[in-house]
Amino acid sequence: MPANLTPEYRAAEAAFRKARDPRERLECLREMLRVIPRHKGTDHLQGDIKRRIKELSEELERPQRGGARSGPALVIRPEGAAQLALIGPPNSGKSSLHARLTGSAAHAAPYRFTTQYPEPGMLPHEDIAFQLVDLPAVSTEHPVPWFASTLQTADASLLVVDLGDAGSVDELESVHAILREKHVTLTDRWEPTGESDEDPFATRLPTLLLANKSDGLVDAEAELRVFLEVAGLRYPALAVSATTGQGLGQIGPWLFGHLGIARVYTKAPGRPPDRHRPFILRHGQTVEDVARLVHKDLARSLRYARVWGGAAFDGQQVGREHPVTDGDVIELHV
Ligand SMILES: Nc1nc2c(ncn2[C@@H]2O[C@H](COP(=O)(O)OP(=O)(O)OP(=O)(O)O)[C@@H](O)[C@H]2O)c(=O)[nH]1
Ligand SMILES: [Mg+2]
């Protein structure tokens, strides 16, 4: 990491890390390039930023699906409570899982490299949904140049392997090596670490391993333990089957718990809460963050809030720093 980066540049970089919308990310990159101190020590970083701007603006300018000479979208705009990338070796069942979990028409076939482009879909969980993005296989036989750019908007990954295939251990090793080259790290740690990577373009994805095709195995749980042991992996893991549906019901609740999601319902004074659409926050976020989600100007004019549920007594008056908990009903006073 080059020294002599100004607070102005660091602020621009922090905004980039936070931005999720591809257009907003592009704006942030341009700002980073505008304010970066120009000297020898930042040459490399300037080059990286320029390359990202080029990639992302080309991607955003391409006609979208449906238009004449259109191509499929390579950057998927995040929707729902979190974006999860389906990563894995060829033929492990990523598309089959995507189709089954989201009701998408993701194409699955009994040969390798069926999926060519990212495909979004929503996995419902109670009154929210997670966005799952089906992706091409990660393999040396079939490099995908835009893979790391697509992963930049993901919050976490689902690493799909074929539990019945003896070749999976080696294939996973190759998946990890390819991702490492692209500065993508899959991690078994789901709790927020607060630490941010020095490299603004490095991607770190908390990962849940989905041991697929566990239908037909006599004791899938035992096979899974052996697999993790042999592969030397510490990811949290679930044995599942896209074919029979076994284990799939655990995925939504698991993600909900480990992503630390808190749903917040807002209400107007004297009115019942709006139970239709929760605002989605993470543990540790506050009443002030709720106000910002409702409207970006509201956070400034917020005076206090009343909270029902969670850690507060009913209707308790709280300040902007009050942390939210899942299921809170919040009345904002400006
Ligand atoms: N027995 C069994 N077969 C499965 C399961 N999931 C997928 N398959 C089969 O595995 C083959 C590959 O499935 P896909 O969903 O296309 O795999 P993929 O990982 O998307 O493959 P690529 O896009 O080529 O990387 C298909 O023939 C599926 O029917 C499963 O849970 N059990
Ligand atoms: Mg596929």
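S95 and T115 are both buried in this predicted model. The magnesium ion (ligand 2) is coordinated by S95 through OG and by T115 through OG1. The distances run from 1.9 to 2.1 Å. S95 belongs to helix α4, which spans residues 94–102. T115 sits in the loop between α4 and β2, the latter covering residues 119–125. The pair therefore ties together parts that are 20 residues apart in sequence.

Ligand 1 is surrounded by 22 residues. K94, S96, F113, T114 and D215 are the closest. By class, the shell around ligand 1 comprises eight nonpolar, ten polar and four charged residues. Helix α4 gives the most to this shell, contributing three residues.

Several polar contacts to ligand 1 were computed. A polar side-chain atom of D215 lies 2.7 Å from a nitrogen atom of ligand 1. T243 also uses its side chain: one of its N or O atoms is 2.9 Å from a nitrogen atom of ligand 1. P110 makes its contact through the backbone. A backbone N or O atom of P110 lies 3.4 Å from an oxygen atom of ligand 1. On its own, ligand 1 has 650 Å² of accessible area, and the protein covers 85% of that area.

Note on methods. Residues are numbered from 1 along each chain as its sequence is written. Chains are lettered from A and ligands numbered from 1 in the order in which they are written. This is a predicted model: local features need pLDDT of at least 70, side-chain atom pairs count only at pLDDT 80 or more; totals for chains, interfaces and linings use all residues. Side-chain values use heavy atoms; hydrogens and water are left out. Donors are N, O and S atoms within 2.8 Å of the metal (3.2 Å for Na, K and Ca); water is not among the atoms, so sites may look incomplete. Helices (H or I, at least four residues) and strands (E, at least two) are DSSP runs, numbered from the N terminus. Buried means under 20% relative accessible area, exposed over 50%, partly exposed in between (1.4 Å probe, protein chains only). A residue is near a molecule or strand if one of its heavy atoms lies within 4 Å of it. A polar contact is a pair of N or O atoms within 3.5 Å; within protein, one must be able to donate a hydrogen and the other to accept it, and residues adjacent in sequence count only if both atoms are side-chain atoms. Accessible areas come from the Shrake-Rupley method with a 1.4 Å probe; for residues, only the protein chains shown count as cover. Ala, Val, Leu, Ile, Met, Phe, Trp, Tyr, Cys and Pro count as nonpolar, Asp, Glu, Lys and Arg as charged, and the others, Gly among them, as polar.
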